[in-house]
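Welcome! Have a look at the sequence and the 3D view, and then let us walk through them together.

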Amino acid sequence: MKLYRVASSEKGTFGVLVINDLPFCVTMELPWRDNKTEISCIPAGTYKWKRHVSQNVSKASDYKVIWLQDVPGRSYIYIHVANWPSEVKGCIGVGMRFGHAKEYGVLESKTAMEALLAQLPDYGTIEIKDA
C-alpha cells in the first residue's frame, strides 16, 4: 500500500491511497506541523500496519481501523473514518472523493473504510510519500 500526498496547505494534507499499483481511495490529514502530537500529519516514510479494533469512547461501539506502527515520536496513529481535518488528531482519514463544505476534506469516508478493510490482509506496510 502506498499513500501519495498530492497537496498540502494550512487547510490540510491530501493524498491518494494506492493498492496493487492502482488508485483505491483519497486521504485527508492535518497539515505538517513538525510532527507535533495531535496537530500534525506524520512524517513521510514506510511503516508497518495491522488491523485493530479501536475502543473509542465517542462511538457507540468499537470500530475497525488500520494502526500504523513505529511512527517516530507518535503513537496510536490510525487510518480511520473521518471527513474533515478537524476529525483527525494526527491520523489519516479516507474517502471516496475530495470535497468541501465547512472545510476541505474527503467524502463518503465510511464507504471508503469498509472497502479498504475488505481489500486488505491483517497486516502489511504502507509507504507515505510527500508531493
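## Strand 7 and its partners

One of the residues to look for here is His80, whose bridge partner in strand 7 is Gly93. Please keep in mind that this is a predicted model.

Strand 7 also pairs with strand 3 (residues 22-29), this time in the antiparallel sense, again over 3 bridges. In that pairing, Val26 stands opposite Gly95 of strand 7. What covers the story of strand 7 (residues 92-95) is burial on both faces: Ile92 and Val94 are buried on one side, and Gly93 and Gly95 are buried on the other.

## The overall picture

Now step back to the whole chain. The protein has 1 helix and 10 strands. Read from the N terminus, the order of the elements is β-β-β-β-β-β-β-β-β-α-β. The radius of gyration is 13 Å, close to the 14 Å that the globule rule gives for 131 residues, so the protein is as compact as a globular protein of that length.

Along its principal axes, the C-alpha trace spans about 35 × 30 × 30 Å. Of the 131 residues in the protein, 43% are buried. Among contacts between residues at least 6 apart in sequence, 48% join residues at least 24 apart.

## Strand 4 between two pairings

Which strands pair with strand 4 over 6 bridges? One is strand 10 (residues 123-129), which pairs with strand 4 (residues 45-54) in the antiparallel sense over 6 bridges. Here Thr46 stands opposite Glu127 of strand 10.

The other is strand 5 (residues 63-68), which runs antiparallel to strand 4 and is joined to it by 6 bridges. On this side, Ser54 stands opposite Tyr63 of strand 5.

Leu3 lies in strand 1 (residues 2-9). Is Leu3 buried or exposed? Its relative accessibility is 1%, and buried means under 20%, so Leu3 counts as buried. Setting aside neighbours within four places in sequence, Leu3 is in contact with Gly15, Val16, Leu17, Thr27, Glu29, Ile92, Ile126, Glu127, Ile128 and Lys129. Leu3 and Cys25 are 22 residues apart in sequence, and their C-alpha atoms are 9.6 Å apart in space.

Ile19 belongs to strand 2 (residues 12-19). With a relative accessibility of 10%, Ile19 counts as buried. Beyond its neighbours within four places in sequence, Ile19 is in contact with Met1, Phe24, Leu116, Gln119 and Leu120. Ile19 and Glu108 are 89 residues apart along the chain, and 19 Å separates their C-alpha atoms.

## Surface and charge

How far apart are the mean positions of the positive and negative charges? The protein has 16 positive and 14 negative charges, and their mean positions are 2 Å apart.

Notes. Residues are numbered from 1 along each chain as its sequence is written. This is a predicted model: local features need pLDDT of at least 70, side-chain atom pairs count only at pLDDT 80 or more; totals for chains, interfaces and linings use all residues. Side-chain values use heavy atoms; hydrogens and water are left out. Helices (H or I, at least four residues) and strands (E, at least two) are DSSP runs, numbered from the N terminus. The radius of gyration is taken over C-alpha atoms; the globule rule is 2.2 Å times the number of residues to the power 0.38. Buried means under 20% relative accessible area, exposed over 50%, partly exposed in between (1.4 Å probe, protein chains only). Contact means heavy atoms within 4.5 Å. Lys and Arg count as positive and Asp and Glu as negative; His and the chain ends are not counted. The place of a charge is taken as NZ of Lys, CZ of Arg, CG of Asp or CD of Glu. Two strands pair if DSSP finds at least two bridges between them.
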